Every structure is written in structure tokens, then in C-alpha cells.
Amino acid sequence: MLDDVIEKVRRQVPLIHCITNYVTVNDVANSLLAAGGSPIMADDLGEVEEMTSLCQGLVLNIGTLNRRTTASMLSAGKKANELGHVVVLDPVGAGASKLRTETALQLIKEIHFDVIRGNISEIKTLVFGDGNTQGVDAAEGDVVTEENLDEMICFARKLSERTGAIIAITGAIDLVVNTSKAYVIRNGNPLMAKITGTGCMLTGIMAAYVAAHREKAIEAAVMAISAMGYCGEIAYEKLKQIEGGTSTYKMLMIDEISKLTDEKLKGGCKIEVR
Amino acid sequence: MLDDVIEKVRRQVPLIHCITNYVTVNDVANSLLAAGGSPIMADDLGEVEEMTSLCQGLVLNIGTLNRRTTASMLSAGKKANELGHVVVLDPVGAGASKLRTETALQLIKEIHFDVIRGNISEIKTLVFGDGNTQGVDAAEGDVVTEENLDEMICFARKLSERTGAIIAITGAIDLVVNTSKAYVIRNGNPLMAKITGTGCMLTGIMAAYVAAHREKAIEAAVMAISAMGYCGEIAYEKLKQIEGGTSTYKMLMIDEISKLTDEKLKGGCKIEVR
Amino acid sequence: MLDDVIEKVRRQVPLIHCITNYVTVNDVANSLLAAGGSPIMADDLGEVEEMTSLCQGLVLNIGTLNRRTTASMLSAGKKANELGHVVVLDPVGAGASKLRTETALQLIKEIHFDVIRGNISEIKTLVFGDGNTQGVDAAEGDVVTEENLDEMICFARKLSERTGAIIAITGAIDLVVNTSKAYVIRNGNPLMAKITGTGCMLTGIMAAYVAAHREKAIEAAVMAISAMGYCGEIAYEKLKQIEGGTSTYKMLMIDEISKLTDEKLKGGCKIEVR
């Protein structure tokens, strides 16, 4: 796919403005740094336009959404669009409350996103206008399997056609779809679901990857997912050796992000063109 | 006490809605996941009723309290009461400022709590209507000792009678009291006081334990304290071997929560029926 | 310099009230505890005066600034001044947005600070009234080097003369300057820039050091920088041995803060009187 995806991120050090939730914000900042980007967290309406203007990418993450920051997201998103920056949406919990669903729908109506990354329930909510997201996790019946893979690709493609965004659906199997291409990624480890914020971290890293590869945006998004998942695999192997628990696992995963190279990733990525 | 307390939590995966402070929120989420529950953090008045409706338990934690989230706590608490969900209060810093004292008193007046968990100064504040909590730690003179144990149980019982809640007072020695029963727990390690958020994490875990054991609520609350304390003990033994510091200690403690089993806990819990 | 700087902090356990950003707040609290202080995070206008009254020091950190907390900062700062408490400013991102620049300028106009600690771009912004801070990092051209060291000291001294504060400029080389003295500190490791919050943590620790050494404020500020940098050095040596990444590095750094003694620091501090 992209031979120098990581190297280029580390060389360019894309500044990524994040308006994100207060649960996982520290891990988002540290994993962005580990991946080679540079994070700026700022959410006041009085400064988000200026802050995003300094950057190359913007992440809007609606976990711990509130009215104050929604206005900031709209303002930052429009400014980033105007400047042609990469804009990525993480619709955390869309489908779990009207506020999140409506805010996510308003954001995709008023802002052009380069990538929308969520779990299958969140993405379904964006397509159908409501959903049954279980808090911040996908609902039990909602899952991408080997059997429904093609159906899910068609489904994601509709949202891509409507929004112009690359659609990334992550879970046990990950999909990345635009209007003409589709990729399936099979990296990762189930233990990643036992730490909070892997999705948020991935969204941040993805913004940095795409910002450094504007011409190859979908490939960069795919590589970000594969990189994160592969780091989760390596971290799991190390965790088993030391018989550690979930907190050590989080640390090892961010460690691996900071140590990942293009060569290493080439040996571990499991990407299928569909 | 309860032979399958942990197993049942891991099987049921209780969803716990937390309106909590931004200092320790990430550790609360990760320790809840480690214990077998699932966290949802949401604090906007526009969504807390819906969010809490999806859940089995609610935690109200008044650390970094502000006016916006107080209204959300009242709304979520009333909804959770209406639905018969487990509701747990962590009156962080009650007694340290009028705002915290008054908010805590308002919460226990308007919401029924299944459990109130705090340090001795915070609990005294709820009983007397004001206090001398030293920031977020108990005041120096306020301490549960072997000598004043029975007195403290009587004292906690009064608050239990008034509120209908189980009262959990944690410190060097931990007490759990309702109108008819009293337990003393002697697990834990002094180093736990050297990391921020052990109390907040415990409150989150306790909500999950109690949500999975509604018929045995006080026993579940006791087991949660014992489990957390025992994990602190095991973590301390491992820390000594590697000569680590306080940050490694936090990681090891959450690790142990994620690896704890009922059998292991049975071998380590130090619970006295009083 | 100060033979018992750490011991005295650990003995006095200064309570430090922090109004700070939600990105690094957990690490600030844990590193303050590790250093021997005790953190209180509270930002609502309705309680900051009372909370700061309980404490010995106050940190105002403008990362993730918003209008709600700016009013709280002004209120807490004035109260702390009235009570003669140590007050430290961390002007995170001053120069990156008008809001941050203007807020920082308003704070230094209305509040007396004992110490102002920032990167060179942030400090320049306070001197010139605007700046070109790159998000939360110094701008590329802005750097303290062996060549411009004397010039930078003169420059910092002007801000010290105007504000009455000790000025601490941190980066590859660190400077601490008041109206009559100047120190250069050469501890630290470049990897510290690859984790978020080292500056914020340092500001918190510095407040505790200065609060415990009011008569020797500038020396305490210098020792805080040296201590943090030296811990970064030891942590780096340990990291290399285990071939860890940036997340392990953060943990090891806070570990070393918790294990640091005056004797150890004496063997590692690189402080030049200028």
C-alpha cells in the first residue's frame, strides 16, 4: 500500500486539533505523539477557529458531548473545511441518545468530513437517523462478520456517497470504504475492547496519517487501522509473557505505536482489497 | 460471603453510567472495565436521562463539581430511581467547600442512594451538615481506628437510617454499615493514598458489583472494597520486587483488578462481621 | 543549593489547588503526590475561593481554557494573593490564540505570581503582547541556545521586573531568572517532549517546592526543574534497558519522582549560577 506511511508522518509532524471527550483525551494526545503527530486540545468557541488554522487536521469526537463544545465543533469544522484541512469525525455513542444522534447528524450535514470512523452501531445511526447503540459500544446484534462483509461494504458505501467521506467501521473485523474502493483489515486483539479509548486513539492517529497523505487518504486511513491493530497484537504477545493485566496492556500498546516502523508494519499488516 | 461475586459481574457486564470528575475519569472507566463492568460517561442535561436508562447503575461523583453537571446529576439520579437502578454517591470533598457540602446534601435529599461511599470527613459532613474535609482527603483528626470502631459504626448507622443507603467509609480500616448489619474490611495498602483516584475507582467498581447482586447489596459493596484493597496488596508485593514507584503501582493495581477471580479473592479478603 | 528541598516537601505535604486543563490533569495530580505534595482540583466559581484558602499554593494553567474557568482563575488568584499563598502561572499556548494571549495578560495584570513557567514562545508572548506559539509547543525559531543564553536571561529579567515573578523558561536548556539572580539548568531528556504534560506536571511540582520553601523561592523553582529533568534522565536509562516506548517512559518518569531523594538529586542536578 504505502511504503513510507509512518516515516512521512514522523517527518511532517502534522498538528492535529482535537475537540474530544475528557475520558480518553490524555491517551489520544499521547498516542498522537507516539504516532509522530502533535496534538492541540482546545474547545472554547473563542479560540477554536484560530487553533484549527494553525493545524493540518481536525478531530471532532462527540464522547462527553455538551452544548458548549458542540458550537465549538461546528465553528472549528467549518473553518477547517474552508482551509482544506483534514477533518475526521468520531461519532462516539451516536444512537445511544437523541443528543448524540442529532449532533452527529448536524455535524455531517454542516461539515465535510474526510473520514468518519465509528463502530457499526454508530455508523448505522448515521445512515438511518436513529440507532440502538449500547452506550459507547456497538449493540449486540450489530457486528461485521465474514458472512455479511459485502453487505456491510454496500451499506458503508451509501454513507460515503451521501457524505463524500471515507467510512471506517471498526470492530473485530475492520472496513474502510469510499465510493469506489473497499478494504478489509484483520489486525487487532479482543483485549483492545477491555481498555477505554482505543477507538478515540485510533481516530486521532488516523487524522495524522491522512493529513500526511492527502493524495492517498483512503490508503492512509487503512494503514492507521492496521497499525493500531498490529500494535495491539504485538502488545498482547508481550503482555502474555509478563502475565500483565489490562492497564499494562494499554501502556504496551501506546509503546508499540511509538516504536512502529514502516518495515515492521509491512510484516504484520493484514489488509485485503475487496 | 458471595462465592461468585466477580464471576457474576463478568457474566452480566453491568453498564454503569458515571457523572464524575475529569481528574480520575479515565482510571474509573478502565477499572470498571477491568472489574467486568462497562462504563458510560455522559454529563449533559440533554442526554443523561436517556443514557442512564440504558444502564443498570449510576455513579454520581462530585469531584470537580460544577453547576452544569449538578443539574445533570439530579436529573440522572431521579430517572435512575424511577427505573430502580443502583445509584451510588461519592461525595468527594464534601466539607471542603460550601458548594460541595450543599450539593451533596441536596443529592441525598432528592435522590435515593443504594450506597454512599466516602472518607470519614466526607461522611461526617453529610451527617452534621458541615465539615472540615482537607480538600479531598480526610481531616487529620478524622480517622477510623480499632478504638473508635463501634462508635463509628453507630455513627454511620444513623446516616443509613436517615437515607436508606448503605454507608461505606473507607480509609486505613474500612466500614460498611446499613440499618442492621456492619462489616469491617482490613484489606489495602498505605501506598494507595499516594495515587489519585483509588476512591473514585472503588466507587465505580462498587456500583458494578452491587448492580450484579441487587439481593445482596451490602455484601457486594463489602466485597468490592475487599477486592480493591486486596488488589492493592498484591500490586504492592509486585512493586517491591521490581522497585517501582507510584505510577507503576497504579498500573499494577488496575492489572490485578482485571486478573482477580473469586477463588483468589477468597484467599485474600479480610472481612469481619461486626 | 537546598540540601533538604525534597525532604521538606514530603514533611510539609503542601496542598496545591490546581485550576488546570483536562488533558494532563491526572498526571499533574499523580506527579504532585509523587513529589510529596497533595493536589486539589476545583474550578467552579462557587468554590474556588474556599478551596484555595485551604491550600498553600495555587496553580493556574490555561491549557483547555474556557470562559467559565477564566473567571474562576481570577477569583482564586486574587484570594490566594490576599492570603499570601504561592501562585504559579502556566500560560499554556499563550501566543497560539488571542483568547489565550489575552487571558494570560489579564492574569498577570490582575494577579501577582510567584513564578511564571512556560516555553520560550509563551514567555515571549507575555513580553510582547502577542506571539507565534505553535499550538502548545514553542515556535521553531524560538529556542534557548548556548549562544543566546545571556540575551534570553536579560529578556526574562524584563518580565520579572515588570511582574515581580520568577520567570522559568523550559526547553532543551532551562532558565530561571528573577530581578537579581539567574540559573541555567541542563537536566532532562529529549524524549520528555514526546509525552504530553511534562510542562504541566513540572508546574504543579514547582508550586509544591516553592510553597515549602518560601524564603528560597527561586532556588526551590530551580530545584524543581532539575528534579523533574533528572527523573527524566534516570527514566530514560531504565527505558533503554527494557526497550520500552513513550508510555512506559511517562510511567517511569513519575516513578522516579516518587522515589527521588535529596541525596540522589545532589548527585544528578546540573545547575549553573549565571
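**Entry 1: the interface of chain A and chain B**

I looked up the area buried between chain A and chain B and got about 2,300 Å². Carbon and sulfur atoms give 51% of that area. I note here that the model is predicted. For the residues in contact, I have 30 from chain A and 27 from chain B.

Next I checked charged pairs, and the rule finds 2 salt bridges across this interface. One of them I can name from its side chains: A:Arg67 meets B:Asp44 at 3.6 Å, N to O.

I asked which elements of chain A give two or more residues to the side that touches chain B. They are helix 5 (98-110) and helix 10 (246-259). Helix 10 of chain A gives the most, with 5 residues. By residue class, I divide this side of chain A into 9 nonpolar, 13 polar and 8 charged.

**Entry 2: the annotated positions**

I turned to the UniProt record, an unreviewed entry, which places the feature "binding site" at A:Arg117 and A:Thr170. The positions are spread over 54 residues of sequence, yet they cluster in space, with a largest C-alpha distance of 7.3 Å.

**Entry 3: A:Arg117**

I located A:Arg117 in strand 5 of chain A, residues 115-118. Is A:Arg117 buried or exposed? I put A:Arg117 down as buried because its relative accessible area is 4%, and the cut-off for buried is under 20%.

Leaving out residues up to four places away in sequence, I listed what A:Arg117 touches; among them are A:Leu89, A:Asp90, A:Pro91, A:Ala168, A:Cys200 and A:Met206. A:Thr170 is also one of the residues that A:Arg117 touches. I looked at A:Asp90 again, and its side chain makes a polar contact of 3.0 Å with the side chain of A:Arg117.

**Entry 4: A:Thr170**

I found A:Thr170 in a loop of chain A, between strand 6 (166-169) and strand 7 (174-177). With a relative accessible area of 15%, A:Thr170 is buried.

Last, I asked what joins the side chains of A:Thr170 and A:Arg117. I found a polar contact of 2.6 Å. I therefore record the two annotated positions as joined through their side chains, with A:Arg117 buried and A:Thr170 buried.

Key: Residues are numbered from 1 along each chain as its sequence is written. Chains are lettered from A and ligands numbered from 1 in the order in which they are written. This is a predicted model: local features need pLDDT of at least 70, side-chain atom pairs count only at pLDDT 80 or more; totals for chains, interfaces and linings use all residues. Side-chain values use heavy atoms; hydrogens and water are left out. UniProt positions are given in the numbering used here, feature names are shortened, and annotations may be inferred rather than shown by experiment. Helices (H or I, at least four residues) and strands (E, at least two) are DSSP runs, numbered from the N terminus. Buried means under 20% relative accessible area, exposed over 50%, partly exposed in between (1.4 Å probe, protein chains only). Contact means heavy atoms within 4.5 Å. A polar contact is a pair of N or O atoms within 3.5 Å; within protein, one must be able to donate a hydrogen and the other to accept it, and residues adjacent in sequence count only if both atoms are side-chain atoms. Buried area is the accessible area (1.4 Å probe) that two parts lose on being put together, summed over both. A salt bridge is a side-chain nitrogen of Lys or Arg within 4 Å of a carboxyl oxygen of Asp or Glu. Ala, Val, Leu, Ile, Met, Phe, Trp, Tyr, Cys and Pro count as nonpolar, Asp, Glu, Lys and Arg as charged, and the others, Gly among them, as polar.
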